[in-house]
Amino acid sequence: MMTDTTTRGLIPLPLPAARALLLAGGIATAASAFLAWTWTSEFPGDLTYTGYPGGLQWLTFIAGLLTTVFALAAYDVPGLRGLIPARNNAPLVLTALGGFGVTWYTVVSIAAELGGLANLEPGGWIAAIASLLPVIGAFALPEPRVSNTDALLKAYIAKPDNIPAPAPISPWVERAIITLATIVGLAVFTYGIDTEYGELFVGYLIVVVFAVWAMHTAGLNDRFSRIVARNRSFTLAMGFAAAIAFPFTQTNDHYANIGVNILIFGTVALGLNIVVGLAGLLDLGYVAFLGVGAYTAALVSGSEFSRFSGVHFPFWAAAITGAAASLVFGVLIGAPTLRLRGDYLAIVTLGFGEIFRIAVNNMDGDSGPDLTNGPNGIPAIPDLNLLGFNLGEAHDVAGFTLGRFANYYLLMVLIMAIVVLVYTRAADSRIGRSWIAIREDETAATAMGINGFRVKLIAFALGATLAGLAGTVSAHVTYSVVPTPYQFAGSTPPNSAFLLAAVVLGGMGTVAGPILGAALLYLLPEKLVFLQDKSLLAFGIALILLMRFRPEGIIANRRRQLEFHETGQLDVPETTTLTGEPAAVTKAGA
């Protein structure tokens, strides 16, 4: 597969023994999932059966299987050698650590929850030992190794004309890869939402994090991103197809409720990404625009508790009204404040967010005008009725029953498609390039003829409009609007800190980043109950770790990745082009 250096691993073992131990340990880890790990069914998942894995045992099986597959790829097994394009040992170490982590987490949880190690069956001890074997083998492998890329570069230095161009992949094969990745991604996401207890979700996170990390270090993510870049329209279509398919995989409407809330907050985060990610404006009161859209829709949607109870707009009119109201507020707030920069602008926007919350809390007819019912909010917002289709009722579609939240989820998929279209068009337009120029250096951009104030005001207004559009759906999903959620920070979303963390965590300046960030930050407190009162602490720790190890976000914008890393410190070699191909190979292929 590749030439190994004489550098020894952390554990002094011969290379053949290390590889054999890694492969045997991966197989043993997967096989141990078929043993009984405890004698009582009190531990969630019922791990008492032999021959039939349950709960966390399935995650151990998957982790062991991944370790085995990568170990076989290291042996250059036909059909698997392409799993490690980077030709290094890091993926082997990470998959082994993933299996070890989920297995030992399960063993420790059994002992902690049931009252001691005596509650372990022999199968639990076998699983713990089996998961340790591949870790020993992985850390005994030498690192770094001379890769095929290094060999190609050396050969190019000697005789540049002898380097062959990389073999092209058929467009149909690329689309098949994207389709397969979409199906796997939907299955993984659905499994994470369907987890019924906290222990299973923690194990799921361990396996997913180490698996994705392993694929990244193996070079698979880089290759896949190049395939996506060549098939952007098809990838976007497959992404929305997977989103539409999600409610048909659910039998519990509660999980569809989680999905619709993720889409609502993801849409708002994408609007904030225009302000923060593209234009570089720090807005700490952005959730107020979501509130403006929600309150506007509540006032005109026929609620008997609305100040205008006789008014009942159809949804399209209510959505336009909510988006327009947020647009007006965005212009009114932005016009006098956007001449400020940096921390001063952040303080002003934070003040606006608090003013909005205090204002709607006092518009009860006593402390202020009678408009929002004060702390009681506007309840009893009726369900939407689109073309005779009542979203509040269950409907049978192709043999599947779609409940209330599944109906609203599909509506939010449509709105998300509109928002993504607006975002991508704006980002790729002349005004989008002006936003990026302002973000990089406002003084230089102004000197080049860009009207900084006008450009920033457009970003502020467009971001506010998208948030207001999502707010109109949020009001109908929750049946009511109250002032409490629209604050800077709180234990539950939505709040401005949550939205800003979603953008930064997911990746500023990207489409998928804020959506992924919103999904993670909504799911974690939902699934891990003990984090609900410590969500801000968890967000802070996550952001500190992110700033240290991946400041460009989970899904990195290429320009930001180059900003945060010096040449040679990226996830690609220094001798590669921006597309990721070795410079020598690219030149020869030209």
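Which residues in α11 meet which residues in α17? Point 3 takes that up, after some background.

1. Ground rules. This is a predicted model, where local features need pLDDT of at least 70 and side-chain atom pairs count only at pLDDT 80 or more, while totals for chains, interfaces and linings use all residues. Residues are numbered from 1 along each chain as its sequence is written, and side-chain values use heavy atoms, with hydrogens and water left out.

2. The chain overall. The protein chain has 22 helices and four strands; these are DSSP runs numbered from the N terminus, with helices being H or I of at least four residues and strands E of at least two. Of its 590 residues, 47% are buried (buried means under 20% relative accessible area, exposed over 50%, partly exposed in between, with a 1.4 Å probe and protein chains only). Among contacts in the chain with a separation of 6 or more, 75% link residues 24 or more positions apart; contact here means heavy atoms within 4.5 Å. The chain exposes about 27000 Å², and carbon and sulfur atoms supply 67% of that (areas are from the Shrake-Rupley method with a 1.4 Å probe; for residues, only the protein chains shown count as cover).

3. α11 against α17. Back to the opening question: Phe289, Leu290, Gly293, Ala294 and Ala297 in α11 meet Phe460, Ala464, Ala467, Gly468, Ala470, Gly471, Thr472, Ala475 and His476 in α17. By class, that contact has nine nonpolar, five polar and no charged residues (Ala, Val, Leu, Ile, Met, Phe, Trp, Tyr, Cys and Pro count as nonpolar, Asp, Glu, Lys and Arg as charged, and the others, Gly among them, as polar). As for geometry, α11 covers residues 287–300 and α17 residues 452–478, and they pack at about 45° with axes 6 Å apart (axes are lines fitted to C-alpha atoms, for helices over the stretch in contact, and angles run from 0 to 180 degrees between N-to-C directions). That makes α11 oblique to α17; under 35 degrees counts as roughly parallel, over 145 as roughly antiparallel, 65 to 115 as roughly perpendicular and the rest as oblique. The crossing is right-handed, i.e. the near helix is turned clockwise from the far one by less than a right angle, with anticlockwise giving left-handed.

4. α6 against α8. Helix α6 (residues 171–194) and helix α8 (residues 220–230) pack at about 115°, with axes 10 Å apart, so the two are roughly perpendicular to each other. α6 passes α8 in a left-handed crossing. Glu174, Ile177, Ile178 and Ala181 come from the α6 side, and Phe224, Ile227 and Arg230 from α8.

5. Phe224 up close. Phe224 sits in α8 and is partly exposed, at 29% relative accessible area. Leaving out neighbours within four places in sequence, Phe224 is in contact with Ile177, Ile178 and Ala181. Its C-alpha is 9.0 Å from that of Glu174, 50 residues away along the chain.

6. Ser434, in helix α15 (residues 430–440), counts as buried at 13% relative accessibility. Not counting residues up to four places away in sequence, Ser434 touches Ile450 and Val455. Val108, in helix α3 (residues 90–114), is partly exposed at 48%.
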